[in-house]
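Take a moment to look around before turning to the notes below.

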Amino acid sequence: MLQENDPEGDIPSDTDEYVEQSPDGRWYRRDQPVQAQGIGGLTRSFLAIDMEEGKEVVWNEIEISQEMHSLIRRDTSKEAMEAILKIFKRIEHVNLIKYSGYWIHDSAEDGMFKIVYITEYTSAALSGAS
């Protein structure tokens, strides 16, 4: 399925588990939903693998309309969004989920585009953390 995109043999041997990859080939999404990771109702979250760090991460998708996609693609809006996301990437705190990266998926499915962002995967419930 994804094997043709892997001339150097970097994709794990169980490629049938992976249904999508990031534009740079760093992250591979599984078709395995993850609960309580996204922004309730706005985000779909899936288990994925980070090929650079060799660990599981969460692949989050936010669907956006054509109008929002056009707005985000404008230079000034895109620069502002990227500046904020660069700050998120630098923040490291024991009580915060680490953000790793994002991209805008430019092909619309059913008239909706999506922003994909990657966060660390935590298996423990955060509501019990103190």
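A nonpolar core is a set of buried Ala, Val, Leu, Ile, Met, Phe, Trp, Tyr and Cys residues joined through side-chain atoms within 4.5 Å. Please keep in mind that this is a predicted model. In it, the largest nonpolar core has nine residues, and a second, separate core has eight.

**The cores**

- The nine members of the largest core are Ile 64, Ile 72, Met 81, Leu 85, Tyr 99, Ile 104, Phe 113, Ile 115 and Tyr 117.
- Two or more residues of this core come from each of helix H2 (75–90), strand S5 (99–109) and strand S6 (112–120).
- The top contributor to this core is S6, which supplies three residues.
- Which residues does Met 81 touch once its neighbours within four places in sequence are left aside? Met 81 is then in contact with Ile 72, Tyr 102 and Ile 104.
- Among the eight residues of the second core are Ala 48, Val 57, Trp 103 and Ile 118.

**Ser 100 in strand S5**

- Strand S5 also holds Ser 100, and this serine counts as buried because its relative accessibility is 12%, against a cut-off of under 20%.
- With neighbours within four places in sequence set aside, the contacts of Ser 100 are Trp 27, Lys 89 and Ile 118.

- Ile 97 sits in the loop between H2 and S5.
- Its relative accessible area is 31%, so Ile 97 is partly exposed; that class lies between the 20% and 50% limits.
- Ile 97 and Glu 120 are 23 residues apart in sequence, yet their C-alpha atoms are 6.0 Å apart in space.

- Ile 84, Ile 87, Phe 88, Ile 91 and Leu 96 make a nonpolar surface patch of about 450 Å².
- Is Ile 84, one of these residues, buried or partly exposed? Ile 84, which lies in helix H2, is partly exposed because its relative accessible area is 46%.

- Strands S1 (residues 18–21) and S2 (residues 27–33) run antiparallel and are joined by three bridges.
- Across this pairing, Glu 20 stands opposite Arg 29 in S2.
- Five residues lie between the two strands of the hairpin, and Gly 25 takes a positive phi near 80° there.

Technical notes. Residues are numbered from 1 along each chain as its sequence is written. This is a predicted model: local features need pLDDT of at least 70, side-chain atom pairs count only at pLDDT 80 or more; totals for chains, interfaces and linings use all residues. Side-chain values use heavy atoms; hydrogens and water are left out. Buried means under 20% relative accessible area, exposed over 50%, partly exposed in between (1.4 Å probe, protein chains only). Helices (H or I, at least four residues) and strands (E, at least two) are DSSP runs, numbered from the N terminus. Contact means heavy atoms within 4.5 Å. Patches are made of residues with over 30% relative accessible area and no salt bridge: like charges are joined within 9 Å, nonpolar side chains (Val, Leu, Ile, Met, Phe, Trp, Tyr) within 5 Å. Accessible areas come from the Shrake-Rupley method with a 1.4 Å probe; for residues, only the protein chains shown count as cover. A salt bridge is a side-chain nitrogen of Lys or Arg within 4 Å of a carboxyl oxygen of Asp or Glu. Two strands pair if DSSP finds at least two bridges between them.
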